[in-house]
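Open your viewer and get ready to select a few pieces one at a time. We will stop at each and see what is there.

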Amino acid sequence: MKYNMLRATLILITVFLILFMTTHVVRADALPLKAMLVTGQNNHNWQLSHPILKTIIEDTGMFQVDIALTPPEGGDMSTFTPVFADYSVVILDYTGDRWPDTTRQAFLDYVRGGGGVVVYHAADNAFPDWPEFNELIGLGGWGNRTEKHGPYVFWRDGELVRDTRPGPGGAHGKQHQFVVKHRVIDHPVTRGLPETWLHEKDELYHHLRGPAENMTLLATAWSAPETGGSGEHEPVLFTIAYGEGRVFHTVLGHAGDDPPPAMQCVGFIVTLQRGTEWAATGTVTQPVPEDFPMAEQVRLRPHFKQSEPKTPLEGQARGCASNKRSARE
Ligand SMILES: [Zn+2]
């Protein structure tokens, strides 16, 4: 009797296991594109940002995001050997210890061979002394970057200007809401989106420096002197062609407060989603969502995901949430 019960229990467990594994495998197979998110060290709260990035990218329904975690600062980096070639796109939420030479080379080979890269916010603080990385990201900041790393890039009088005057690379003023202005509107990432939109409170990087070669400046924001800015239209979204590879760089999305308001901004979310698809495939098939912000009003996704189909009631609820937020500031 006891034996029979044990046997029945074992069979039941096996059946459940098989069912679980089958469902799991089928789900993974149904997702067409694989994304690798590199994190594990950062001068920001990467523990906070990386699950949010995963949520945002997977909310497109197009990607499965795997996390490639480096050892902690000062750890044995020789164990960090992710297989970039298995992925359509590599998302960088990392600044920290030097990667092993073999990993560096594998990363460059991956991008030159046609791989996609997304550079997110402080990832452009990384590796100031790795020239190929600076070429790949276009512009970077901090890490004692100077004129030796390349020019400043601004938008002046309707065109991209490279300013070679000496000075440090990388700064930002006080966090604030600011308007993002698209400078190329027929790129797959920006096509169909409102050309100006209000971004939620964020750091606005200024005076980034880098080679800025093969760069398409998709969007800028006015860095106002009143908030400690540069008095220039600063790059916030841009792409770099590196070998056969495509790099999408967003300087937006500072992760400080939990939840980080800049990462709740629909403008940040949607440009990141579209930039990731473009980096992975060279095209963008995602529709323009109804909640994309315009120039006058910030729009948020509190949980970083697109809401269910809208009803008039939900619209009212969103208005309320937005009012509450304004009152808090
Ligand atoms: Zn930041």
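Begin by selecting helix α2 and colouring its buried residues: Trp46, Ser49, His50, Ile52, Leu53, Lys54, Ile56 and Ile57. Keep in mind as you go that this is a predicted model. Helix α2 covers residues 46-58, and its 13 residues should span 18 Å at 1.5 Å a residue; the end C-alpha atoms are 18 Å apart, which agrees.

Now show the partners of α2. Its buried residues pack against the strands β1 (33-39), β2 (63-69), β3 (89-92) and β4, and also against α5 (261-264) and α6.

**The core**

Next, select Ile91, Leu92 and Val117. In the largest nonpolar core, which has 73 residues, these three touch the most other members. Which helix gives the most to this core? Helix α6, residues 266-281, does, with eight residues. As background, nonpolar side chains tend to be buried together in soluble globular proteins.

Stay with Ile91 and display what it touches: Ala35, Met36, Leu37, Val38, Leu53, Val118, Tyr120 and Thr276, leaving aside residues up to four places away in sequence. Leu53 in that list is also one of the buried residues of α2.

**Helix α6**

Select α6 itself. The helix has 16 residues and reaches 22 Å from its first C-alpha to its last, close to the 22 Å expected at 1.5 Å a residue. Of those 16 residues, 15 are buried, so α6 is largely enclosed by the rest of the structure. Step just past the helix to Gly282, which takes a positive phi of about 90°.

**Helix α3**

Move to α3, residues 101-112. Its twelve residues should span 16 Å at 1.5 Å a residue, and the end C-alpha atoms are 16 Å apart, which agrees. Colour Phe107, Leu108, Tyr110 and Val111, which are buried. They cover an arc of only 160° around the axis, which puts them on the same side of α3. Turn to the face away from that buried side to find the exposed residues Asp101, Thr102 and Gln105.

What do the buried residues of α3 pack against? Show β4 (116-120), α4 (131-137), β12 (232-242) and β13 (245-250) to see their partners. Just after α3, Gly114 takes a positive phi of about 115°.

**Zooming out**

Finally, show the whole protein chain, with its seven helices and 13 strands. Buried residues make up 44% of its 329 residues. Among contacts with a separation of 6 or more, 70% come from residues 24 or more positions apart.

How values were computed:
Residues are numbered from 1 along each chain as its sequence is written. This is a predicted model: local features need pLDDT of at least 70, side-chain atom pairs count only at pLDDT 80 or more; totals for chains, interfaces and linings use all residues. Helices (H or I, at least four residues) and strands (E, at least two) are DSSP runs, numbered from the N terminus. A residue is buried if 20 or more other C-beta atoms lie within 10 Å of its own, exposed if 12 or fewer, and partly exposed in between; C-beta atoms are placed from the backbone. Two residues are in contact if their C-beta atoms, placed from the backbone, lie within 7 Å. A nonpolar core is a set of buried Ala, Val, Leu, Ile, Met, Phe, Trp, Tyr and Cys residues joined through C-beta atoms within 7 Å. The expected span of a helix is 1.5 Å times one less than its number of residues. The arc is that of the directions from the helix axis to the C-beta atoms.
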